[in-house]
Amino acid sequence: MAYKKVKLNHISRKALEVGHVYKYPVFYKDIGDIYQALIEQDESFTKETQDKIDKLQLKDLYVLTKDHPLYEKDTQVYIAKILDDNSISSKLKSEIIHDMATDTINELFSGEINKNKIDRSTELVNDTIQLILNDESAAKAMLGVTSYDYYTYTHCVNVSIYALGFGAHLKLDKNKLNVLGRAGILHDLGKKNIPNEIVNKNGRLTDEEFSTMKSHPVLAVEILKELGENNQLVLDAIEQHHEKLDGSGYPKGLKAHEIHILSQIIAIADIFDALTTKRSYKDALKTFDALSIMKNEMTSELNPHLLAEFMVFMGNRIDRYK
Ligand SMILES: [Fe+2]
C-alpha cells in the first residue's frame with residue numbers, strides 16, 4: 001500500500017516492538033512524496049521487518065496523523081515494559097526514551113500546542129527519572145545520546161537530560177527532579193510565539209530583535225498557564241532561566257538569592273548545551289572547553305558552587321570526546 005500527500009506524523013523507529021501487532025499502518029518515505037507501508041494494518045512487527053529497516057537504512061518512519069494517538073498509547077505501554085526489563089540495556093532504553101522525547105518536543109514546537117502534548121512530555125520526563133534513579137549507568141547512557149546538532153527541540157531535550165542527570169548527581173528528591181526535567185524540556189517553549197527569522201537568525205540580533213527574543217521566558221509561562229499548568233516551581237524555573245546572579249539577566253534582572261536554585265541549574269544546563277552543540281554559524285565546543293569558558297568567563301553570572309559540582313558531574317559521566 002503506497003500513500004501520497006496524506007497527513008503523517010514522524011515516529012521513532014526505536015519505538016516499534018518486535019512481536020507487537022499494530023492496529024494501524026506504519027510508513028517509510030520511498031521516492032519523492034510517496035510513502036510505502038512498512039507494516040500494514042493489523043500486521044505484526046517482525047524481526048524480518050526490523051532487519052529491513054536496517055538494510056534500507058530507514059531513519060524516519062511515519063503513521064497517519066489520525067492514528068498518532070494509538071501510536072502514543074502503544075509507546076506508553078512499551079516504555080513501561082522495557083523500563084522493567086533488565087535484559088534491555090540502559091543504552092537502548094535511553095535511546096528509545098530520547099527518540100520519543102525528541103519527537104514529542106518537535107511536535108510541540110512545529111504543530112499546535114495542546115495539553116496532551118505537554119502531558120506527554122511530562123510522562124517522558126518521568127520515564128527518564130525512573131530510568132536514571134534505578135540504574136547507575138543510565139544517567140551516563142542518557143548523556144551519551146544527547147544530540148550535537150542544535151535545533152530548538154533537540155536543545156530542549158538535551159537541557160532536560162543534563163538538568164536531570166545533574167539533579168540526580170546532587171541527590172535531589174523525585175519532586176525536584178520532576179520540576180527540573182519539566183522546566184528543562186519546556187524552558188524555551190515561548191520561542192514558539194516568536195517569529196522564526198528571529199529565533200533562527202544567523203548572527204547578531206538587532207536591539208529590537210533581542211528585546212523580542214527576551215520575552216520568551218514570560219511567553220512560555222503564559223502558554224503553560226493557559227494550558228492549566230499550576231506548579232509554581234516549574235513556572236518560576238522557566239521564567240528565571242535567563243536571570244544571572246549579578247542581576248544582568250532577564251526578564252526581571254533578579255539577583256543571586258532571588259533566583260530559584262532549580263533555575264540556576266537549568267541556566268547551567270542551557271548554557272552548556274548551547275556551547276557544545278553545532279550551529280550554522282559556529283562549531284560545537286568540546287566539553288572541556290565549554291566548561292572552561294563557563295568557569296572563567298561567566299563567574300558573575302552562574303552559581304560558582306553549582307558550576308564546580310557540574311564540572312565534577314560532567315567529568316564523571318562523560319567519557320566521549322566531543
Ligand atoms: Fe532560553
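A crossing of two helices is called left-handed if the near helix is turned anticlockwise from the far one by less than a right angle, and right-handed if clockwise. Keep that in mind as we walk through this predicted model, where local features need pLDDT of at least 70, side-chain atom pairs count only at pLDDT 80 or more, and totals for chains, interfaces and linings use all residues. Residues are numbered from 1 along each chain as its sequence is written.

Let's begin with the whole chain. Its secondary structure comes to 14 helices and seven strands; helices (H or I, at least four residues) and strands (E, at least two) are DSSP runs, numbered from the N terminus. The radius of gyration, taken over C-alpha atoms, is 20 Å, close to the 20 Å that the globule rule gives for 322 residues, so the protein chain is as compact as a globular protein of that length (the rule is 2.2 Å times the number of residues to the power 0.38). Along the principal axes, the C-alpha atoms fill a box of roughly 60 × 45 × 40 Å. Of the 322 residues, 37% count as buried; a residue is buried if 20 or more other C-beta atoms lie within 10 Å of its own, exposed if 12 or fewer, and partly exposed in between, with C-beta atoms placed from the backbone.

Now look at helix α3 (residues 90-110) and helix α5 (residues 136-144). Their axes come within 8 Å and cross at roughly 50°. Such axes are lines fitted to C-alpha atoms, for helices over the stretch in contact, and angles run from 0 to 180 degrees between N-to-C directions. The crossing of α3 and α5 is right-handed. The contact is made by S90, K91, K93 and S94 of α3 and S137, A138, A141, M142 and G144 of α5, where two residues are in contact if their C-beta atoms, placed from the backbone, lie within 7 Å. By class, this contact of α3 with α5 has three nonpolar, four polar and two charged residues. Here Ala, Val, Leu, Ile, Met, Phe, Trp, Tyr, Cys and Pro count as nonpolar, Asp, Glu, Lys and Arg as charged, and the others, Gly among them, as polar.

A second pair to find is helix α12 (residues 261-276) and helix α13 (residues 287-297), whose axes come within 9 Å and cross at roughly 130°. The crossing of α12 and α13 is right-handed. The contact is made by I271, F272, L275 and T276 of α12 and T287, A290, I293 and M294 of α13. By class, the contact of α12 with α13 has six nonpolar, two polar and no charged residues.

Stay with α12 for two of its residues. L275 counts as partly exposed, with 17 C-beta neighbours inside 10 Å. Leaving aside neighbours within four places in sequence, L275 is in contact with L285, A290 and I293. A269, also found in helix α12, is buried, with 25 other C-beta atoms within 10 Å.

Finally, visit some loops. P251 is found in the loop between α11 (232-239) and α12, and a cis peptide bond joins Y250 and P251, with omega about 10°. Q57, in the loop between α1 (47-55) and β7 (61-64), has a positive phi near 50° although it is a residue other than glycine. Q57 is exposed, with 6 other C-beta atoms within 10 Å.
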